[in-house]
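Please look through the sequence and the 3D structure shown here before reading on. The report that follows takes up helix packing and then turns to a single residue.

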Amino acid sequence: MSDALRTQLTHLFQVGVAAADPYEAVRTALAEDPFEPALIVSVGKAAMRMAEAALDTLGRGARCLVITNYENARDLDGAEVFASGHPIPDENGAKASQAVLDALEAGAGPVLALISGGGSALLPAPAKGISLEEKAEVNRLLLASGADIRQMNLVRQQLSRLKGGGFIVSAEPHPVRALILSDVVGDDLSTIASGPTAPSLGTAGDAIQMLKRFGLWDYISDSVRDHLAAVGRIRRLKSGDNRLIGSNTQSLRAIAGEIEGVTLLADPVEGDVAEAARLICDQAAKRGFTLWGGETTVQIKGKGKGGRNQELALRIAVEAGKRGWGEWMCLQAGTDGRDGPTDAAGAIVDQGTLGRIAAKGGDIGMYLANNDSYTALSLSGDLLVTGATGTNVADVGILFRK
């Protein structure tokens with residue numbers, strides 16, 4: 001397919017990213033209903049732009065803590081910026097969490113929470129008796145298990161002092177307003193960043209069953225098992241004003257508005273990447289554009305490099321080849337600009353992808369078995385590298401068939 005179509009798909013993706021611009025979303029929300037906080041806490045991959053918007057709108061009178069990933073961190077006048085690890089929590093995240101807990105418990109007054117995707121790993125705050133290393137290992141096991149984001153967050157909440165409404169508990173008795181940019185399908189506030197200002201997704205008992213279901217119970221530390229066995233209560237949100245200001249759905253609508261006659265898949269694309277690839281190809285329009293959003297999962301069995309978007313794109317190429325499709329092109333990417341532990345947002349594949357990989361001696365079956373989509377797509381020249389976008393509203397897929 002032509003370079004012009006590749007450029008068009010990239011432009012459409014950027015339209016979706018722009019529709020989730022955190023700066024404008026926060027400014028609009030605060031302009032429509034003013035709020036005067038004593039403390040601003042901004043956490044997630046979009047934390048920098050969200051905090052900047054709040055400070056520009058409200059002035060620099062309130063104390064402001066910003067916690068984001070290393071790629072997005074930068075100096076911001078009037079704010080204390082903490083860069084920490086994602087997707088695996090690290091010591092810098094633990095220090096940032098303690099700073100947030102100290103500020104909340106100091107109780108200066110009303111709190112404005114600015115929450116975006118990635119906050120779960122960036123703000124670990126392990127429960128008492130659990131080390132950061134032990135909590136990070138649980139997170140690593142969950143990421144490799146094939147569990148979806150809701151299932152992972154159900155467990156994470158029970159191992160944290162801030163998640164599952166813990167932020168609200170620490171801020172009491174002061175009110176908290178939360179402006180939330182959703183990176184999850186369905187926009188469940190208890191799932192976004194593991195719900196620091198929303199009720200828990202379940203109990204410690206539910207977390208134990210989840211870990212056993214995925215065969216992880218015997219691989220976690222004694223401290224984590226003991227903590228979960230001893231905790232039975234579900235934390236309830238006592239006071240909080242949660243407002244959704246951006247989502248995957250809004251980005252898809254913006255993209256659809258740029259394409260005449262586009263087919264928008266009715267349901268978000270979720271679950272295992274192999275099944276998701278088959279579903280997309282089953283439902284794709286026979287010609288023209290097909291658009292979808294969502295967030296898939298990958299059960300990691302190999303030691304390769306990649307992310308869910310890259311593997312989904314590669315599997316779509318395999319499915320299209322099996323079905324004998326003619327000319328086609330597909331973009332699959334994460335709106336945050338980073339797919340897994342790689343520098344790519346995703347990939348743009350077409351009917352020539354598999355041939356280009358084979359021509360360089362690559363074995364597509366071997367790459368998929370080893371979860372090595374990054375290497376395969378490097379061979380075909382199909383990686384999409386955008387750099388960090390400063391926002392995060394899950395994933396976007398766009399397919400064109402001639």
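At what angle do helix α6 and helix α7 pack, and how far apart are their axes? In this predicted model, helix α6, which covers residues 132-145, packs with helix α7, residues 149-158, at an angle of about 170 degrees, and their axes lie 10 Å apart. Because angles over 145 degrees count as roughly antiparallel, α6 is roughly antiparallel to α7. On the side of α6 the contact is made by K135, V138, N139, L142 and L143, while α7 contributes M152, V155 and R156. Sorted by class, this contact of α6 with α7 has five nonpolar residues, one polar residue and two charged residues.

A further pair is formed by helix α12, residues 273-283, and helix α13, residues 308-322, which pack at an angle of about 50 degrees with their axes 9 Å apart. The two helices α12 and α13 are therefore oblique to each other, and α12 passes α13 in a right-handed crossing. In this contact V273, A274, A276, A277, R278, I280 and C281 of α12 meet R308, E311, L312, R315, I316, E319 and A320 of α13. By class, the contact of α12 with α13 has nine nonpolar and five charged residues, and no polar ones.

The table sets out the values for both pairs.

| Helix pair | Angle between axes | Distance between axes |
|---|---|---|
| α6 and α7 | about 170 degrees | 10 Å |
| α12 and α13 | about 50 degrees | 9 Å |

Helix α13 can also be described by itself. It has 15 residues and reaches 21 Å from its first C-alpha to its last, which is close to the 21 Å expected at 1.5 Å a residue. Since 11 of the 15 residues of α13 are buried, this helix is largely enclosed by the rest of the structure. Among the buried residues of α13 are E311, L312, I316, E319 and A320, and these five also take part in the contact with α12. Just after α13, G324 takes a positive phi of about 70 degrees.

Where does S194 lie, and which residues does S194 touch? S194 is placed in the loop between β5 (176-181) and α9 (204-213). With a relative accessible area of 0%, S194 is buried. Leaving aside residues up to four places away in sequence, S194 touches S120, N153, R156, Q157, K163 and G164. One of these, R156, is also part of the contact that α7 makes with α6.

Notes. Residues are numbered from 1 along each chain as its sequence is written. This is a predicted model: local features need pLDDT of at least 70, side-chain atom pairs count only at pLDDT 80 or more; totals for chains, interfaces and linings use all residues. Side-chain values use heavy atoms; hydrogens and water are left out. Axes are lines fitted to C-alpha atoms, for helices over the stretch in contact, and angles run from 0 to 180 degrees between N-to-C directions. Helices (H or I, at least four residues) and strands (E, at least two) are DSSP runs, numbered from the N terminus. Angles under 35 degrees count as roughly parallel, over 145 as roughly antiparallel, 65 to 115 as roughly perpendicular and the rest as oblique. Contact means heavy atoms within 4.5 Å. Ala, Val, Leu, Ile, Met, Phe, Trp, Tyr, Cys and Pro count as nonpolar, Asp, Glu, Lys and Arg as charged, and the others, Gly among them, as polar. A crossing is left-handed if the near helix is turned anticlockwise from the far one by less than a right angle, and right-handed if clockwise. The expected span of a helix is 1.5 Å times one less than its number of residues. Buried means under 20% relative accessible area, exposed over 50%, partly exposed in between (1.4 Å probe, protein chains only).
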